[in-house]
Structures are given as C-alpha cells and as structure tokens.
Amino acid sequence: MENTTQTEEIKNEIAASLGNRACCNLSMISALIRTRGVIHLSQQKSIVLRCSDTVIDFVEKMAELYGLDCQFTLAKKALQCSLMGDILPLLIDSGIVVESVSQQLSLREGINEFLIVEDCCKQAYLQGVFLSCGAYSKNGRFISFWFHGQKMCEDVARLLECYGLNAKQAKRVEGREEPVYVLSLYGMQNMVDLLLHLQATNFALHLQEDVIRNEVIALSHRATNCDLANTNKNVLYCESTVLACNAVLQSDLFADLDETLKNTMQYRIDNPNDTLSQLAQIIGVSKSCVKHRLQRIINLAKTKS
Ligand SMILES: [Zn+2]
C-alpha cells in the first residue's frame with residue numbers, strides 16, 4: 001500500500017530539482033511515455049500520458065519544443081495529457097520508435113541504451129520513472145515502481161543495479177485484467193541511497209534521521225534491559241544472602257563461627273539492600289573478601305536446611 005502524501009513529497013522534491021539539459025529532458029520524457037503512455041500512430045496521431053501534477057510544466061515545455069498540441073484532462077481521477085501533432089520526431093529522439101536501415105519504423109520496448117549513457121541522463125531517467133510510477137509504501141519499509149510491461153520492469157531493475165541497488169521483481173495478476181510488474185526496493189539504507197540519486201535530498205535526510213533514531217532507541221532499550229537484568233540479579237542475591245545469614249544466626253552453628261564471619265552476617269542483616277561493593281566499604285575489606293564470606297554463610301545455611 002502506498003503512502004500518497006509522502007510519495008507526493010518525494011515527487012515535488014524531484015520536480016523542483018529538474019534541470020534544463022536537453023539530453024536529460026529526452027531521458028525524462030522517454031521514461032514518462034514508456035511507463036504511463038499510450039501511443040496512437042493511426043490517423044489521429046497522439047501520445048496519451050497519465051501523469052502527476054508535478055510534471056505538467058515539464059511536459060508542456062517538451063510539447064512546445066516539438067510543436068505539439070498539449071491538452072490536459074481528468075480521467076478516472078488521474079491527470080491525463082494528450083500530445084497531438086507530428087509525434088514521430090519526439091518518439092524517435094526519445095528512443096521509443098526506432099528506424100531500421102531500410103527506414104522501417106518500429107516501437108521499442110524497455111529502455112533504449114543510448115538514453116542512459118551519461119550519468120546525468122541515467123539519473124533523469126530514474127527520476128522520470130519515479131515521477132510516473134514510483135510509490136513510497138505506507139509502512140515506510142520499501143519504495144516500489146509499477147509497470148505494465150515486463151521488459152520495462154527488468155530494465156529499470158538493471159538501471160538500479162548501476163547504483164548498487166538490488167530491487168525485487170514480482171508479477172501481480174490477481175484481480176486485474178492485465179498483469180502488472182512491480183519492482184520493490186527494501187531496506188532503509190537502500191531507500192536513502194535511491195532517494196539521494198533521485199535528488200529527493202530532504203526526504204532522504206529525514207529517513208536517515210529515522211534510521212539513526214531507531215538505532216539509538218534500540219540501543220538504549222538493550223542497555224535498559226541489561227541494567228534491569230543486573231538489578232534483578234542483585235535483588236535476588238541480597239535476598240538470598242540475608243536469608244542465609246538469618247538461618248545461620250538462628251542455628252547452633254553460630255556460636256562456633258569466627259568473629260569476622262559473625263560481623264559480616266550482622267552487617268548483611270542490617271543492610272539488606274546493599275551491593276557487595278557497598279558492604280565491602282562498610283566492613284573495610286575487599287569486595288571479593290565479602291563475597292567469599294557470604295558464600296561460606298550460604299554453604300553453612302545449606303547444611304542446615
Ligand atoms: Zn543528461
């Protein structure tokens with residue numbers, strides 16, 4: 001499930017970062033058409049593009065550049081853009097239509113390699129893909145891309161691999177007329193890396209802060225649990241040694257004990273909650289000495305119980 005607000009946040013940040021390089025603009029428009037475009041090559045030539053608000057300016061600019069009419073309509077709650085006119089030059093420049101040696105035109109599936117030779121264009125392509133079909137998940141655990149064609153899904157997976165990011169591919173059929181191909185990138189650090197490549201820097205920083213905050217919280221929980229375990233152990237030890245001292249005190253063994261042991265027992269009974277270190281300080285001996293004496297008392301108590 002998608003978190004639409006956060007997806008929008010990422011898209012707005014990407015849109016604000018878009019540059020004006022001609023090479024990158026072709027990568028971007030190619031990504032938009034390839035992921036959410038339908039191409040009509042019959043009499044009324046057009047490209048119908050489902051797009052988000054964030055790319056309106058960009059699409060209009062490209063339409064103007066290629067002398068195309070550009071109309072925006074709302075269809076099924078989604079913004080749809082129709083580019084009409086001589087669409088072939090744009091399709092050829094963006095590598096979607098390829099011309100063979102015999103001048104035969106054909107549609108090309110997936111990403112045309114020449115569009116992503118330069119690093120700037122690779123990034124622009126990925127930005128176009130996210131603007132078109134990227135989603136930040138509701139639980140914040142993954143970022144996914146939805147495609148209508150398998151080839152596009154595979155090609156974008158390869159594009160992500162260029163950045164050292166391994167995304168999972170899955171085909172979803174249930175409840176749909178046509179299958180969709182989903183690419184999902186898991187792991188906080190991977191998501192942060194992807195967002196940085198997409199130029200969604202602020203969102204990436206927030207996520208990075210969350211990662212760090214979660215680590216700190218987990219660490220402090222572990223430390224508290226450890227402290228708690230030590231405290232419990234200490235309480236148990238105090239109780240058992242006090243019990244042992246009382247048992248020996250009331251037994252016939254007491255009279256025959258040496259003075260140091262008798263003193264230690266008395267101190268323990270008088271200070272039932274003190275740690276070994278605190279007892280050692282009161283008695284004026286080492287901690288290990290107190291421990292040894294208390295152990296002797298516990299052993300004596302055992303012979304009596
Ligand atoms: Zn470029």
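**Entry 1: contacts along the chain**

I began with contacts in the protein between residues at least 6 apart in sequence, and I found that 60% of them join residues at least 24 apart. A reminder to myself: I am reading a predicted model.

**Entry 2: overall make-up**

Next I looked up the secondary structure, and the protein has 11 helices and 10 strands. I then checked the radius of gyration, which is 36 Å. The globule rule gives 19 Å for 305 residues, and 36 Å is well over that, so I noted the protein as more spread out than a compact globule. I also looked at the C-alpha trace, which spans about 115 × 40 × 40 Å along the principal axes. For burial, I wrote down that 29% of the 305 residues count as buried.

**Entry 3: domains**

How is the protein divided? I found domain 1 at 4-199 and domain 2 at 229-304. Their C-alpha centres lie 76 Å apart.

**Entry 4: a pair of helices**

I turned to helix 10 (residues 276-283) and helix 11 (residues 287-304). They pack at an angle of about 100 degrees, and their axes are 8 Å apart. Angles from 65 to 115 degrees count as roughly perpendicular, so I put helix 10 down as roughly perpendicular to helix 11.

Which residues meet here? From helix 10 I listed Leu276, Ser277, Leu279, Ala280 and Ile283, and they meet Lys287, Val290 and Lys291 in helix 11. I sorted the residues of this contact by kind and got 5 nonpolar, 1 polar and 2 charged.

Definitions and conventions:
Residues numbered from 1 in each chain as written. Predicted model: local features only at pLDDT ≥ 70, side-chain atom pairs only at ≥ 80, totals over all residues. Axes fitted to C-alpha atoms, helices over the stretch in contact; angles between N-to-C directions. Helix = DSSP H or I, 4+ residues; strand = E, 2+ residues; numbered from the N terminus. Parallel < 35°, antiparallel > 145°, perpendicular 65-115°, else oblique. Contact = placed C-beta atoms within 7 Å. Nonpolar A, V, L, I, M, F, W, Y, C, P; charged D, E, K, R; others polar. Domains from an automatic or database assignment. Rg over C-alpha atoms; globule rule 2.2 N^0.38 Å. Buried ≥ 20, exposed ≤ 12 C-beta atoms within 10 Å, placed from the backbone.
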